[in-house]
Amino acid sequence: MKYRAICENHLYSKAYKKGKKAVLPTLAVYVLPDYRKHALMKANPEKKYINRIGLTVGKKIGGAVQRNRAKRILRHAYKEIDTAYGVKTGHLIVLVAREAIGGKKTQDVARDMTRALRKLELI
RNA sequence: GCAACCGAGUGUGCGAUCGCGCGAUAUGUCGCCGAAAGGUAUUAUCGCGAGGAAAGUCCGAGCUUCAUAGGGCAGGAUAACGGAUAACGUCCGCCGAGGGUGACCUCAGGGAAAGUGCAACAGAAAUAGACCGCCGCGUUCUGCGGUAAGGAUGGAAAGGCGAGGUAAGAGCUCACCGGCACGACAGGCGACUGUGUGCAAAUGUAAACCCUAUCCGAAGCAACACCGUAUGGGAAGCGUUUGCCCGACAUAUCUUCCCGGGUGGCAGCGGUAUUUUAUAUACCCAAGCCGUUUGGUAACAAGCGGCGAAGAUAGAUGAUCGCAAGGCGAUUUUCGUCUACAGAACUCGGCUUACAGCUCGUGUUGCAGAC
RNA sequence: UGGGAUGUAGCCAAGUGGUAAGGCACCAGACUUUGACUCUGGCAUUUCGCUGGUUCGAGCCCAGCCAUCCCAG
């Protein structure tokens, strides 16, 4: 299962402004409905709606090694949740790493992400 | 044994399950995005998948482009000497200066008699003169002249010390030391060292301006090339990529720039060229790495043999568990905890900076003890 | 990738190589019954982001680092 990334900067700023959000010490989640979901569904050979994921990891987290690690953990945690519960599709989801993510294990982040996604009624 | 100095290396390992990027082969779709070029999608197997600094971007190159000879000024960089190197501001050797008992370490280390500037405070005076003192003369309450030996100031006061000399003094003269210079002699490729001869002018500062010598065209893979839109539209009159000047060349049917997409560049069981028709050869990749031999004090060079797959594009290595290794703490079965600095982005050679711990060298020095 | 700027007291900052201006804040005192305002005084103690170097002498000059910020495509 592939996950498409959000590449457009304007979608990020839109998500911060208008999206629904849930904030926890390790991460923050912003969600927007995806207006291009039908086009993306047609492009997908499995003919299903998918979520587009965006990762935001700022300089506050640390150097390149720390930032890369934060991105991996976020991606892995999302994948675990998706396979376990099945996240509702057809959304833009922006995952923002916060400072407390440094030194945390994937399970901790996945637990926080689950709470955030429950609050946003995506699972 | 203690305390040091120098150089070099390593940068946790193994296994299991799930997962990621790229390539190859097979399988599979004939769809979707796009105007086109092109991109993307299934599963399986195999292969490969971050560093010694990948970092800072401080130097030097390769590569690419700028239609077109060249030259000058400005500007920038470097600075003993000899060598190494593709090149360097790097490296090696050596000279000089400074530091350390020593092993050893540090040095932007050309020119201050080409010129200009600056040197606070103190001090009489800062590149030039006389405050105290000393001596001579005059006068009677302080003047004129000589003097840098003594005092005092300062980072620096026209070299130091002794003797001669003098009214008192002074390189004024002499010996020694120090300084500077040399078509001199000896050694060295050379910087330079030693000896000899001569000289008395010379405060410091060029990491102040400056002068001398040597070197430097510019921009950068977001370069650039190709494909498509497309015999497209728009702007400028220049242009050789910081400025100025001289000069040559080409033109308005010319030249340059801008407008929006993609691929290559980009990296290897591959690519290009030639020959042939599926293989062979050469080159690139790669001024690469490892081993070894020879030459050299060394940096390094040459020969021989072997190795050779990271190439993303919101940016690939993770998660969990177990075992092992090392350190620390409690304890002495064992338990807990920690394992640095840090992430390739066109490619190399250096420099600088960050770094837990560990290892190595018949390495070297000083001190103490024993023989 | 290329280019540039800044760092001085808690804050804002000036500063030709020669004792580090000034304002706000703070502290002490005066004035007041008390406070505010005002006035007077103090406050950089080896120190100009850090480490070296040049110099008699460095906040200033030079080199290398560190941090923050900005610009171009």
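**Overall architecture**

The structure is a predicted model. Chain A contains four helices and five strands, and from the N terminus these elements follow the order β-α-β-β-α-β-α-β-α. Of the 123 residues in chain A, 26% are buried. Among contacts with a separation of 6 or more, 76% are between residues 24 or more positions apart.

**The nonpolar core**

The largest nonpolar core of the model comprises 25 residues. Leu27, Val29, Leu74, Leu95, Val109 and Met113 have the most contacts inside this core.

In soluble globular proteins, nonpolar side chains tend to be buried together.

When neighbours within four places in sequence are set aside, the contacts of Val109 are Thr26, Leu27, Ile73, Leu74, Ala77, Ile101 and Lys104. Of these partners, Leu27 and Leu74 are also among the core residues with the most contacts.

**The packing of H3 against H4**

The axes of H3 and H4 lie 9 Å apart and form an angle of about 60°. The two helices are therefore oblique to each other, and their crossing is right-handed. On the H3 side, the contact involves Ile73, Leu74, His76, Ala77, Tyr78, Glu80 and Ile81. On the H4 side, the residues are Thr106, Val109, Ala110, Met113, Thr114 and Leu117. By class, this contact consists of nine nonpolar, three polar and one charged residues.

Ile73 belongs to helix H3 and is one of the residues through which H3 meets H4. There are 21 other C-beta atoms within 10 Å of Ile73; a residue counts as buried at 20 or more, so Ile73 is buried. Apart from neighbours within four places in sequence, Ile73 is in contact with Thr106 and Val109. Both partners are on the H4 side of the helix pair. Ile73 and Gln107 are 34 residues apart along the chain, and their C-alpha atoms are separated by 9.3 Å.

Notes: Residues numbered from 1 in each chain as written. Chains lettered and ligands numbered in written order. Predicted model: local features only at pLDDT ≥ 70, side-chain atom pairs only at ≥ 80, totals over all residues. Core = buried A, V, L, I, M, F, W, Y, C linked by C-beta atoms within 7 Å. Buried ≥ 20, exposed ≤ 12 C-beta atoms within 10 Å, placed from the backbone. Contact = placed C-beta atoms within 7 Å. Axes fitted to C-alpha atoms, helices over the stretch in contact; angles between N-to-C directions. Parallel < 35°, antiparallel > 145°, perpendicular 65-115°, else oblique. Left-handed = near helix turned anticlockwise from the far one by under 90°. Nonpolar A, V, L, I, M, F, W, Y, C, P; charged D, E, K, R; others polar.
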